[in-house]
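Hi,

Here is the structure I promised to pass on.

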Amino acid sequence: MDTILTTPEMVVEDRARHLFRVSRHAFTDETVLEAERRGIFDRCWLYVGHGSEIANNCDFVTRNVGARELIFNRDRAGVVRAFLNTCPHRGAMVVREKKGNALSFRCFYHGWSFNVNGRFASRFDEGNYGKEHYGGGCADLVQVPRLESHRDFWFVNFDRNAISLSDYLAGAKDYIDMVADHAEAGMEIVGSGQQYVINANWKLLAENSIDAFHGFPVHNTYFDYLKNIGSLRMEAGAGHFGASGMTDLGNGHAVIEYASPWGRPVARWVPSWGEEKREVVERLRAGLIQRFGEERGTRIAEFSRNMLIFPNLVINDIMAITVRTFMPSAPNKMTVSAWALGPRGEDHELRKLRLFNFLEFLGPGGFATPDDQEALENCQRGYSNMREVGWNDISKGMPRQGPPMNDDEEQMRCFWRQWRSRMGAGL
Amino acid sequence: MNGDAGLAPALRSDPAALRGRIEDFLYFEADLLDEWKVEEWFALFAEGATYEVPPTGSDESDSASSLFYIADDYVRLRERVVRLTKKEAHSEFPRSQQRHMISNVRVIAVTDGVADVACNFVTYRAKRGVVDTYYGKHLYRIDCRTEPFRIRSKRSILSMDMLYPGKLTIIV
């Protein structure tokens, strides 16, 4: 047997021989998931939500992030906060709704109450609790150790000593900016989004979300649909400028960028939208070029980008914008939360078009995402043959001279190198 | 709802007969789906009809302002059916097996021969040893003036707080 396939390490890179292999144990072992919880989800910046989801003072949403139950909210003074959703008294989850607006939070178990800034707010008669009880914040809701944002994308970190979000995001900030800059008025999450389960390891979705190699084999029926309705536009629309490729954004983050075959509500018209939309979309495009210049404006308007922010945030700016995060509940199971992002105060007709466009590809009922889910679940099932067939191959593009192509696998290698270094001695 | 002039005389003053006809129609629809006769199923829809599945765990009801799971116009519904007939619709190849159960059929209103109908549903989907269960309420607008009846709109509201089966590749 090839020596590279018998090493005890789970991620093996042999640059001289252009080989990159990942052990299938990484997708199946309970011990690996436990090590990921400690080495990755307890230490990396994790996406918790977008500021627009808690637009008004006293708005809140509840989220499961990094296997914790969290409250993500805006207090009476407008300060954005994230709390561990557990009563300091006996542990019950204090907020049980998915979202809402409240002046205070009250635990239903024994009635302990808290201001939306987390401060204990119950008034018990003397004799119930001593003075010490209220000291040192022991009766307050516990804040998540770190909460920081970039362009209204909010992240938490359970490691008090983590580097700043800004340093962590590294090159990804510029690409978040490219999404946040779609509209001068800012961006917002549209509606409550989609939540679904995939019976596969979470890293399969991390890989899949930035994988252009699978596009045509898996999504043939989607491209047929575009052809049938007259929405397939294969020309780049900006021949003098080619952004297609892949960029290593640092810290395990990566993005692929390519000419769009589909329409983009931000500013790329396709015939099936009708002539009346053409002028509107042209104006949006001209506005972007005016704000950002020919090159960046054209990139925002015309090109598509799939970005993974390590470990589990995907921002795909494709035929619509999806923000997607996913958490493992077992080695072979994850829960996915996916949202649509659009310009704040978007024109009704354009918003409708954006959501229509989103659903043509994305989500469990789309013409493409379900086939991705099928692929991931098939991989997971295939790993039952692991004892005999133990390694995944992620080598595509390694011998290539010059910059990587968007349908190479260098973006996954960025992910896996980071994964290996974060897991470190844990394996 | 009695006496709607748009209805055939035999149904006009007989709500039970109208509900019976509608139930027969819904059972027929369910049977077409059970048997994967999706093109015949699509033929039950009137031109310009819509098919929608709103988000789970929420009361959002306008696909123009919030993100649904499915919001098809007539053309995209046709394309959904075309896609389902292909081997490259990987999530339904090999095809899953389905059973569509309908109950609690109620005719809510009839206007100009078009009935607003609500019913409960449970749909089972089996594939590779996994059984997915979808359940909720269908809201239909059914044109009862034509023979056979035609669906003007179908909205399937899942009574699940999230999409546990993961995919929504079949027509529930």
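Below is what I found, starting with some conventions.

This is a predicted model, in which local features need pLDDT of at least 70 and side-chain atom pairs count only at pLDDT 80 or more, while totals for chains, interfaces and linings use all residues. Residues are numbered from 1 along each chain as its sequence is written, and chains are lettered from A and ligands numbered from 1 in the order in which they are written.

First, the core. The largest nonpolar core has 151 residues, and Val48(A) and Ile142(B) touch the most other members. (Such a core is a set of buried Ala, Val, Leu, Ile, Met, Phe, Trp, Tyr and Cys residues joined through C-beta atoms within 7 Å; buried means 20 or more other C-beta atoms within 10 Å, with C-beta atoms placed from the backbone.) This core lies between domain 1 (48–151) and domain 2 (181–426) of chain A, because both give residues to it; the bounds come from an automatic or database domain assignment. Contacts of Val48(A), leaving out residues up to four places away in sequence, include Leu70(A), Phe72(A) and Trp154(A) (contact: C-beta atoms, placed from the backbone, within 7 Å).

Next, Val94(A). Val94(A) counts as buried because it has 24 C-beta neighbours inside 10 Å. Beyond four places in sequence, Val94(A) touches Cys87(A), Phe105(A) and Cys107(A), among others.

Finally, the interface: 31 residues of chain B are in contact with 35 residues of chain A.

Best wishes

Note on methods: A residue is buried if 20 or more other C-beta atoms lie within 10 Å of its own, exposed if 12 or fewer, and partly exposed in between; C-beta atoms are placed from the backbone. Two residues are in contact if their C-beta atoms, placed from the backbone, lie within 7 Å.
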